[in-house]
Amino acid sequence: KKEVYLRVLRREGRDPKRPVKYHVTDRDPTRKEDWDRLVSVGVLGKTWQFKRWPHKGASSGDMVDTFLKVAGVYFHYADEPIDPLIKQWNVKLIPISRHSRAKDEAAQRAFWEYLDGFVASRPGLRSRVLT
């Protein structure tokens, strides 16, 4: 049976007794409280990914409001061009190497640095993540 989510306890840079708990899933939230707790999304580069999202404009492809409230991240192969649509969105572009798994750690670090900064800069998100 496939799990609904993977729980990640992030301790780096925090009080070891109070790690931040993240749930990672490949499903859209279904309840308002789940939408309220959403802090990040892996972007595929297609507007249909957001057609049922509750943020202003998301259903029509206007992602401004969405990426002010949710940290958008686009992982891409470093040797491939980035879709012009993605370049218009306020998302973090994180390159990964197709041929060097040793560089994966740098991509992981870039993701966590971006997410930590995004959450820290939004007091409303910070309080939801830390509870």
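The largest pocket of this predicted model holds about 1,100 Å³ of space. Among the 35 residues that line this pocket, His23, Val24, Thr25, Leu38 and Ser40 are the closest to its centre. A pocket here is an open set of points on a 1 Å grid over the protein atoms alone, where a 1.4 Å probe fits, with protein on both sides within 12 Å along at least five of seven lines; lining residues have an atom within 4 Å of a point. The volume is the space filled by probe spheres set on the points, which are joined across faces, edges and corners.

At least two lining residues of the largest pocket come from each of β1 (6–10), β2 (20–24), α1 (32–37), β3 (40–42), β4 (71–77), α4 (104–120) and α5 (123–129). Strand β2 gives the most, with four residues. Helices (H or I, at least four residues) and strands (E, at least two) are DSSP runs, numbered from the N terminus.

Lys32 counts as exposed because its relative accessibility is 58%, the classes being buried under 20%, exposed over 50% and partly exposed in between (1.4 Å probe, protein chains only). The side chains of Lys32 and Asp36 make a polar contact at 2.8 Å, that is, a pair of N or O atoms within 3.5 Å, one able to donate a hydrogen and the other to accept it, where residues adjacent in sequence count only if both atoms are side-chain atoms.

Over the whole chain there are five helices and five strands, in the order β-β-α-β-α-β-α-β-α-α. Of its 131 residues, 31% count as buried. The C-alpha trace spans about 45 × 40 × 35 Å along its principal axes.

Residues are numbered from 1 along each chain as its sequence is written. Local features need pLDDT of at least 70 and side-chain atom pairs pLDDT 80 or more, whereas totals for chains, interfaces and linings use all residues, and side-chain values use heavy atoms, with hydrogens and water left out.
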